Amino acid sequence: MTDARTKRTQTLTAAAKAKSQAKTKTAEQALRALVKRGEPITFQAVQREAGVSHAFLYSHPDLRGRIERLRAQARPIPAPATPTNEHSALVLALTGQITRLKKQHREEVQALRDALEQAHGENLDLRRELARRGGGLGVAT
């Protein structure tokens, strides 16, 4: 019985390996076809073209590396716009204003949270006192 199990395991392992190799070959052909047609290289495009899953592409380091390299090559690096002095001053002023407003907002939110926490505490104290005096609505926590 052990020999039969071993043989089945070997057969399944060989079938899985063959299936993986076939998918890899299909993905490589899909990459070549996309490049030849001049289409953008993305994981989704290769997945669609080859009929394989994203997980398959991501789990194979060679395929993943090729897709990432081809994708990076296809994206031109945008040239940074040269801001004028007036433009830079405006950006700096607005950035400073946004930073101050964010800080003010964080402080206000924290103050409101502190007040809410205090109100919850006072509410709990009052509910306990009411329950202790026996006049409560059965709400004692």
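Is Tyr58 buried, partly exposed or exposed, and what is its relative accessible area?

1. Tyr58 is partly exposed, with a relative accessible area of 36%, where buried means under 20%, exposed over 50% and partly exposed in between (1.4 Å probe, protein chains only). The residue lies in helix H3, helices (H or I, at least four residues) and strands (E, at least two) being DSSP runs numbered from the N terminus. Not counting residues up to four places away in sequence, Tyr58 touches Phe43 and Arg64, a contact being heavy atoms within 4.5 Å. Between Tyr58 and Phe43, which are 15 residues apart in sequence, the C-alpha to C-alpha distance is 8.4 Å.

2. On the basis of these values: this is a predicted model, in which local features need pLDDT of at least 70 and side-chain atom pairs count only at pLDDT 80 or more, whereas totals for chains, interfaces and linings use all residues. Residues are numbered from 1 along each chain as its sequence is written, and side-chain values use heavy atoms, with hydrogens and water left out.

3. As to the overall make-up, the protein has 5 helices and 0 strands, and its elements run α-α-α-α-α from the N terminus. Of its 141 residues, 11% count as buried. Among contacts with a separation of 6 or more, 40% come from residues 24 or more positions apart.

4. Ile41, leaving aside neighbours within four places in sequence, is in contact with Leu31, Leu34, Val35, Val46, Ile67, Leu70 and Arg71.

5. The axes of H1 and H2 come within 8 Å and cross at roughly 115°, axes being lines fitted to C-alpha atoms, for helices over the stretch in contact, with angles from 0 to 180 degrees between N-to-C directions. H1 is therefore roughly perpendicular to H2, a term that covers 65 to 115 degrees. In this pairing, Thr26, Ala27, Ala30, Leu31, Ala33, Leu34 and Arg37 of H1 meet Ala45, Val46, Glu49 and Ala50 of H2. The residues of this contact divide into 8 nonpolar, 1 polar and 2 charged.

6. Lys25 is also found in helix H1 and is exposed, with a relative accessible area of 53%. Its C-alpha atom is separated by 9.1 Å from that of Ala50, 25 residues apart along the chain.

How values were computed: Parallel < 35°, antiparallel > 145°, perpendicular 65-115°, else oblique. Nonpolar A, V, L, I, M, F, W, Y, C, P; charged D, E, K, R; others polar.
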